[in-house]
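Please take a moment to turn the model around on your screen before reading on.

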Amino acid sequence: MQDISQIILDLVQNSIAADSTKVQIEIKKDILRNLLIITINDNGKGMSQEITKGCTDPFYTTRTTRSVGLGLAFTKMLSEQSGGFFNIDSQENQGTRLNFSFLLNHWDRPPFGKLEDTYISLLILNPNVEFNISISTDEKSFTLKSQDVYENIGESHVSEAWVIEWLREYLRENFYHLLKEEDKS
């Protein structure tokens, strides 16, 4: 995972694998505290205390397809390496809340990547999951709910090329206006 959009995609895939029907992604650029804070909430099946305790160990996984689970461990390492924090709170049958951060000006902070493509991929590939994303700074905010997209465009049209391109441009404008004026890649 080379950027924040890939980290978010990987972590949200965990939420989907945990049977979540609603995932809330919050990204806050806290300029006063020099922090980029990311929170992912889901209503999935959650984890026991034992699993929650071990889930940031790179050699701990509940999967049977491979013997390591790197997403949470890697995110925790990157967060702490760049002066941020990492917290996970999970309750069985109630969901999971991930909260992690990076110092905004730390040189180990990953770049933002293409958050718009991450959101569009999640939306198209998981029509039965409600994805809400909000991005805020100390002064401004932007929120998009998948339900609003479906109501305005029509769920069956979301994967059409013209809709994807329009949505990509709309998200790019709003995300990068708030997050990365300096890096419009």
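Accessible areas here come from the Shrake-Rupley method with a 1.4 Å probe, and for residues only the protein chains shown count as cover. By that method, the protein chain has an accessible surface of about 10,000 Å², and 48% of this belongs to carbon and sulfur atoms. Please keep in mind that this is a predicted model, in which local features need pLDDT of at least 70 and side-chain atom pairs count only at pLDDT 80 or more, while totals for chains, interfaces and linings use all residues. Residues are numbered from 1 along each chain as its sequence is written, and side-chain values use heavy atoms, with hydrogens and water left out.

Let us begin with the overall layout. The protein chain contains 6 helices and 6 strands; these are DSSP runs numbered from the N terminus, with helices being H or I of at least four residues and strands being E of at least two. The chain has 185 residues, and 47% of them count as buried. Buried means under 20% relative accessible area, exposed means over 50%, and partly exposed lies in between (1.4 Å probe, protein chains only). How many of the contacts between residues at least 6 apart in sequence join residues at least 24 apart? In the protein chain the share is 64%, where contact means heavy atoms within 4.5 Å.

Two residues illustrate such links across the sequence. Leu 11 sits in helix H1 and is buried, at 1% relative accessibility. Its C-alpha lies 6.6 Å from that of Gly 71, although 60 residues separate Leu 11 and Gly 71 in sequence. Setting aside neighbours within four places in sequence, Leu 11 touches Ile 40, Gly 71, Leu 72, Thr 75, Leu 98 and Phe 100. Gly 95 belongs to strand S4, residues 95–103, and is buried too, with a relative accessible area of 7%. Lys 45 is 50 residues from Gly 95 in sequence, yet their C-alpha atoms are 5.5 Å apart. Beyond the neighbours within four places in sequence, the contacts of Gly 95 are Asp 42, Asn 43, Gly 44, Gly 46, Asp 89 and Ser 90.

Met 77 is partly exposed, at 42% relative accessibility. Its C-alpha is separated by 9.0 Å from that of Thr 56, which is 21 residues away along the chain.

Now for some backbone angles. Asp 19 is not a glycine, but has a positive phi of about 65°. You will find Asp 19 in the loop between helix H1 (4–17) and strand S1 (22–30), where Asp 19 is exposed with a relative accessible area of 55%. Asn 34, also not a glycine, has a positive phi of about 60°. Asn 34 is in the loop between S1 and strand S2 (35–42), and is partly exposed at 22% relative accessible area.

Helix H5, residues 146–153, deserves a look from its end. Which of its residues are buried? They are Ser 146, Val 149, Tyr 150 and Ile 153. Viewed down the axis of H5, these buried residues fall within an arc of 95°, so they line one face of the helix; the arc is that of the directions from the helix axis to the C-beta atoms. Glu 151 and Asn 152, on the other side of H5, are exposed. The cover over the buried residues of H5 includes H4, strand S5 (130–137), strand S6 (141–145) and helix H6 (161–178). Just after H5 comes Gly 154, with a positive phi of about 100°.

Our last stop is inside the protein. The structure holds 1 cavity of 30 Å³ or more. On a 1 Å grid over the protein atoms alone, a cavity is a set of points where a 1.4 Å probe fits but cannot get out, and lining residues have an atom within 4 Å of a point. Grid points are joined across faces, edges and corners, and a volume is the space filled by probe spheres set on the points. The volume of the largest cavity is about 30 Å³. Its lining is made of Ile 8, Ile 25, Leu 115, Thr 118, Tyr 119, Leu 122 and Ile 133. Helix H4, residues 115–125, gives the most to this lining, with 4 residues. By type, the lining has 6 nonpolar residues, 1 polar and no charged, where Ala, Val, Leu, Ile, Met, Phe, Trp, Tyr, Cys and Pro count as nonpolar, Asp, Glu, Lys and Arg as charged, and the others, Gly among them, as polar.

Technical notes. On a 1 Å grid over the protein atoms alone, a cavity is a set of points where a 1.4 Å probe fits but cannot get out, and a pocket is an open set with protein on both sides within 12 Å along at least five of seven lines; lining residues have an atom within 4 Å of a point.
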